[in-house]
There are 2 protein chains.
Amino acid sequence: MQQNSTSPPRRGLTRDRVAEEAALLADEVGLGKLTLTALADRLGVRQPSLYKHIDSMAGLHRDIAVHAKRELGEVLARASVGRSGADAITAMSHSYRDWAVKHPARYEASNLMPAADDVEDAAVSLAAIQVIADVLTAYELDGDDAVDAIRAFRSTLHGFVSYESAGAFAWSANVDRSFGRLVNGFIVALAQWKSSPAKHPGL
Amino acid sequence: MQQNSTSPPRRGLTRDRVAEEAALLADEVGLGKLTLTALADRLGVRQPSLYKHIDSMAGLHRDIAVHAKRELGEVLARASVGRSGADAITAMSHSYRDWAVKHPARYEASNLMPAADDVEDAAVSLAAIQVIADVLTAYELDGDDAVDAIRAFRSTLHGFVSYESAGAFAWSANVDRSFGRLVNGFIVALAQWKSSPAKHPGL
DNA sequence: CCAAGTGGCTAGTGTCAATAGCCAAATTGA
DNA sequence: TCAATTTGGCTATTGACACTAGCCACTTGG
């Protein structure tokens, strides 16, 4: 049958489709400036219609985060496959940075913590971290040594990348070179990981 | 004269006073959740009255940032005075972390970039970074070596602290110890800084 | 002492996220 | 095949927010 003159034509929206377009838009305007009206416009739909596919703005951020974590995990896995040790760390680091700089809002979302009861989010978060953990295993670290190394590696990459995305490296010196040396520095430190215990600050 | 029954009593508000109370409130509720209505309530004033002291929400964030950068710069300077080399780096790192964790919104604000024409903001930003630069000078780094080291140090601290504030270190392992080892790792890397050139990722 | 400037105020506006409730399109199953 | 149910659009509205306009009393300085 032909549709009535005043009928709402159905777009083929799904929760995934909405999250994907949201990620694209957020990478353009910034995660914090993503609005449902702008997103609805892109999807050819009115703003309230989005609520058929999302719970809330926070829920949309969570959906973007889950997609992003999965994507980042795959990027890291692809970079490290077939490599080990310092080679794998270098490759993984550069892939991490490239992906993060290219998709700043997705990257920001990928660092959102899962809600306590969100098993899917927790799973993709863990999967991404597991790639890092597997690579660091080549240094025969375990227990607290391994946890400390993983935390150090994540911190190192995250700090650099978030400063870079924020435009915080103002001086003219080459940012690529700075990143390369940061990664090399981490590898140097990792080689002596077990023999460099933590000290507490002097009084 | 006695005031009329319907007269607006004057509070002693200033731009600084507003920014300080805003920083206190933001550290409680989060920088992104700071609202002018809540801030006005705290100051015993109606929301539009704040515009006599601030330009806009973004302007208030900037004011918080300037205060925060000054505060952080002083904290770092105090930590490093009378120390040098690895000792100074360790002391400065722990002070940085302590301050950042204690004042999460101020810390977030301290990482906002100054507007291009904002000389006061640029000055306090530079002053804080200069403390770091001075400490790293003990390693006789200059030019690109020094810039790379400063970027690496800032990235390392910022990454750890922002993950810690976000609650991203979920595993039970001791976070203090992880931080100590991260700092030690940086010091180890710094000792070999000149001899570890950057490599580009393999193909 | 009075004229100018300052710092409150009330009363709005526009932009958001979010809700309520309607109706046609799609789907399901007898 | 076709009726019942579910789904996915829609309009209209609310409430929280930043921000503006314009008023008036208090302060200050010549």
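This note covers one buried serine of chain B and the protein surface around DNA strand C.

1. Basis. The model is predicted: local features need pLDDT of at least 70, side-chain atom pairs count only at pLDDT 80 or more, and totals for chains, interfaces and linings use all residues. Residues are numbered from 1 along each chain as its sequence is written, chains are lettered from A and ligands numbered from 1 in the order written, and side-chain values use heavy atoms, without hydrogens and water.

2. S155(B). This residue sits in helix α7 of chain B, residues 143-166. Helices here are DSSP runs of H or I with at least four residues, numbered from the N terminus. S155(B) counts as buried because its relative accessibility is 0%; the cut-off is under 20% relative accessible area, with a 1.4 Å probe and protein chains only.

3. Partners of S155(B). A polar atom of its side chain lies 2.7 Å from the backbone oxygen of R151(B). Residues of chain A touch S155(B) too, among them S155(A), F160(A) and L182(A). Contact means heavy atoms within 4.5 Å, and residues up to four places away in sequence are not counted.

4. Surface near DNA strand C. A residue is near if one of its heavy atoms lies within 4 Å.

5. Atom pairs at DNA strand C. A side-chain N or O atom of R10(A) is 3.0 Å from a base nitrogen. Phosphate oxygens lie 2.6 Å from a polar backbone atom of M57(A) and 3.0 Å from a side-chain N or O atom of H53(B).

Definitions and conventions:
Helix = DSSP H or I, 4+ residues; strand = E, 2+ residues; numbered from the N terminus. Buried < 20%, exposed > 50% of the residue type's maximum accessible area, 1.4 Å probe, protein only. Polar contact = N/O pair within 3.5 Å; in protein donor to acceptor, adjacent residues only side chain to side chain.
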